[in-house]
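Reader: Hi! I'd like to go through a structure with you. Could you show it first?

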Amino acid sequence: MIPAAFEYYRPKDMAGVLAVLEEHGDDARVLAGGHSLIPMMKLRMAEVPHLIDLQDVAGLTGITIENGTVRLGTMTTQATMIDDAALLAAAPIMREAALQIADPQVRYMGTVGGNVANGDPGNDMPGLMQCLDATFHLVGPDGDRDVAAREFYEAAYMTDREDDEVLVAVSFPAPEGGYAYEKQKRKIGDYATAAAAVQITKENGVCATASIAMTNLSDTPIYSEEAGEALIGTSVDEAAVEAAVAAMLGDIDPTEDNRGPIEFKRHAAAVILRRAIARAWSRA
Amino acid sequence: MKDDVTREERVDALGGMGCKRKRVEDARFTQGKGNYVDDIKLDGMMFADFVRSPYAHARIKSINIDAAMALDGVAAVLTAEDLKPLNLTWMPTLAGDKQMVLADGKVLFQGQEVAFVVAKDRYIAADAVELVEVEYEELPVITDPFEALKSDVVLREDTVDENGTAVDGAHGPRGHHNHIFKWEMGDEPATNEVMDDAEVVAEETMYYHRTHPCPLETCGSVASMDKVNGKLTLWGTFQAPHVVRTVASLLSGIEEHNIRVVSPDIGGGFGNKVGVYPGYVCSIVASIVTGKPVKWVEDRMENLMSTAFARDYWMKGKISATKDGKITGLHCHVTADHGAFDACADPSKFPAGFMNICTGSYDIPVAYLGVDGVYTNKAPGGVSYRCSFRVTEAVYFIERMIEVLAIELNMDPAELRMKNFIKKEQFPYQAALGWEYDSGDYHTAWEKALKAVDYEGLRAEQAQRVEDFKAGKTRKLMGVGLTFFTEIVGAGPVKNCDILGMGMFDSCEIRIHPTGSAIARLGTISQGQGHATTFAQILATEIGLPADSITIEEGDTDTAPYGLGTYGSRSTPVAGAATALAGRKIRAKAQMIAAYLLEVHDDDVEFDVDRFVVKGAPEKFKTMKEIAYAAYNQAIPGVEPGLEAVSYYDPPNMTYPFGAYVCVMDIDVDTGVTDIRRFYALDDCGTRINPMIIDGQIHGGLTEALAVALGQEIAYDSLGNVKTGTLMDFFLPTAWEVPNYETDFTVTPSPHHPIGAKGVGESPHVGGVPCFSNAVNDAFKAFGLRHTHMPHDHWRIWKTANDLGLHG
Ligand SMILES: Cc1cc2nc3c(=O)[nH]c(=O)nc-3n(C[C@H](O)[C@H](O)[C@H](O)COP(=O)(O)OP(=O)(O)OC[C@H]3O[C@@H](n4cnc5c(N)ncnc54)[C@H](O)[C@@H]3O)c2cc1C
């Protein structure tokens, strides 16, 4: 658990970050909270000869809520997501999800940007961002670029972000209606056996909109559009829920690991989604 | 002389046995001021790191160290070739087998030590490890002991003759080249006869999975060879420092007086730190080679994949009874997976430890135990993880067999236990498999436990839950886990217990200082058990000086008396007895001094709390403080100056703590998630020295039991890769996963122990594992389940429910 040698940079602004990235290409990487990257470096699964710490870069933290849009600076920690009253009012699912990530020590360090940029299928924020239809704001040598969370993930640790691009913020329309983030894990500090993010709106007793995304059940987060559609226009009765579950099961592709065989994961995914829908609907 | 203080106040002032004295260790531990192996820093100290095998079974074709040696700051790279001239390529294990220090031509498990890199700092050492080029040729891997016994593949070529036939091992003939030993106890023909004629027989096979003690602090050592005075100092994570010194002397040829072994603070052991590891040996060799102190400290993954594991027992049982539930016989056969080398840490004559305590708390007239040890391509070890020598396996076995028999008999398992307990008046009780239980009152403890949890109420609630489940009103089942365990601890009588030939006595040496304070040194070593607190309490009561005025020191072989160390819950039963007896020697001399000072005959004074008083004249007395001073400043005719004593204690028998545990668990049938609603633990450890420390030991032991029962395992894939090598997958519970524990007790002193204490460090683990497991099994009993293997993690519980058709 001893990392290979690396150069450490701590620029004060984005220009400084981009300069190092430009000079060293994929030999350089940014460091946010370090709670995914540093373990990988210690295991020597990630070799990062040039490490650029983002913590002194101005303008990367903070939560703003304006005109119905919630924006989190990339360096906003999971702990802040739990404590921020305005965020709780605007998007309570953020707090519910953040509370199920790791443990308090990790959450004081781990950031929203690191969590979504990492590309680990076990991370909880990517699925949540897809559920909320978030946009990721990137800067690079050629300027700014926005990518939809639902378009961002390609495979495990492979995202649409170029090596020389940096994520500066995530934003999403403040969600309406009922919500739930439901996660099954083996213990505190564990990644999901199965997790579901659900947002539902209700009009006249009928589901008007529904958004469903699943975590750690494929090599990317799974936004299941069909699962959401299965609920829309229904009273979220058993038949509708089962249709949504069936649609979700058609979209996920879990693998066997120490959390269990594929059959169990699919079973757990179904149970977790049913519970998430029930809770979200009860809050809608 | 006048004394305003009451007797009760004088007792309180001592802080002796029975009081909840706060742990004196905690001031330094809670402030980060402990002194562990990795805190040791010496001038010019080098750091070492291992090159380890990625394969579970492979021939080593070549090792090239050139690139590593060329790296700036690398001082040495040791391989098996370098150890050959020293005759250290292999070393003896504590179990009569031998083990490679560095891979000698082949590797036998993933993570095996191949080369030892010594460098100026940790970072350079880690870089150099990557530069050592090892060429391997993969060999067929065997991770299943049953397959090993059928396979043509010879795992240990050093244990067969030219014709490929297995030569005898340390425990006699071996039936196959991958077989290690067969150990048999009891009477098999008589047992079989009882089984054949029995009214009811229940059979079950259970796998007690491989797990690992995973102490918070990993293993490590610092070796410093002083070439000027020829002295070797070795600091390390040793549960038995004196034995390590003896072994180091025998292996290295350095005379024992020139070796000083020190166990500093140890961050948990649980059996993991009893054995001798290649890292210790290599750090010594490296210090001799480089002339510098060399530190080796393993990381968490190395600790989990290469140091001593626990369990890995396949147990096949048969239990017979009359129709009305009187047990008539027990048959047990174990296939024991020992991994690549038999490195168990059991007394020499007990290759399967005290597995023959598997008749448990029951009066079973006839029994048989057979154990076959087997080599596989897994890490060596087989230590007693918080249990005295395979007692967890034994208690798990019998407590599961009782449950299975209860199903067979259609009888309540609490009642079945009650019906078969050894009765109070049967003690000392001679068990069918050889042990003589010292004392017990099982019926009283069991009744107290059942009453405390309202056992009948729980069963009624459970029956209702099953109805509700069947009616579709709930998806949660309820399990009531029961366990009544009898431990066997305090190894042990020198006549039948030894480690590498060293009898398992223990020791205490006391020096009283002139002003009435004292230091006591013991042959044991605390790894968190609080010896500095409790041993001072024993002495306070024995010699009448306040516990706060008594320093307890352990772990330095230059100063402490020889002892066999701390494991198997032996410190209180053995060293605790030595402490009491050394204290009594002090008291005997103090009595002579007191009599002289009071100008009466020796027999005319008697000990009273903190003083000697003239019989019948309590106003005439000398306090122990005064006596201590007199021992150093007066010429007393016929009495040597000073006040010191040493005692070496060879216990006449083991001690047999016992307990009654009940666990109430809710299980989500759909997710396999368990929720422990209640855990009641009644322990009888004989005389209670410090109730607060006992509670702490019980909380910790139960938590480790919960871990083992509900998910903690060392799992391998078919290629012998360790699947659970980090704490992400190896389950170590946090405060979050731990329920509230209710503790309770009865007191049945050991009749042969000087203070009647039996030891408690391991009971909660021994009793806890079957209790949690029985709760899971019990929850599904109404749906036809007899037995499901541990660990009961989510997916395995889900699978149990699924196999029973509970998912529709
Ligand atoms: C014990 C433990 C348990 C955990 N459990 C969970 C869990 O249950 N759920 C969960 O979601 N996470 C979990 N995590 C991960 C944790 O939430 C991490 O903090 C998070 O995944 C990464 O955030 P970070 O800020 O630490 O990023 P870092 O580790 O610093 O970076 C992660 C990756 O993202 C890249 N990166 C970071 N910021 C940017 C940026 N602005 N632009 C471009 N690339 C960037 C880095 O280069 C790196 O490749 C756990 C971690 C630990 C140690």
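Reader: Thanks! How many residues does the contact take from chain B and from chain A?
Author: The contact takes 21 residues from chain B and 17 residues from chain A. Two residues are in contact if their C-beta atoms, placed from the backbone, lie within 7 Å. This is a predicted model, where local features need pLDDT of at least 70, side-chain atom pairs count only at pLDDT 80 or more, and totals for chains, interfaces and linings use all residues. Residues are numbered from 1 along each chain as its sequence is written, while chains are lettered from A and ligands numbered from 1 in the order in which they are written.

Reader: Which helices of chain B each supply at least two residues of the side that touches chain A?
Author: Helix H5 (122-131) and helix H20 (794-803) of chain B do. Helices (H or I, at least four residues) and strands (E, at least two) are DSSP runs, numbered from the N terminus.

Reader: New topic: how do strands E28 and E29 of chain B run, and how many bridges join them?
Author: They run antiparallel, with four bridges joining E28 (residues 611-614) to E29 (residues 617-623). Strands pair if DSSP finds at least two bridges between them. Phe612(B) stands opposite Lys622(B) in E29(B).

Reader: And which residue in that hairpin takes a positive phi?
Author: Gly616(B), near 80°; the hairpin has two residues between the strands.

Reader: Last one: what separates the centres of domains 1 and 2 of chain B?
Author: Taken over C-alpha atoms, 40 Å. Their contact takes 14 residues from domain 1 and 15 residues from domain 2 of chain B. The domain bounds come from an automatic or database domain assignment.
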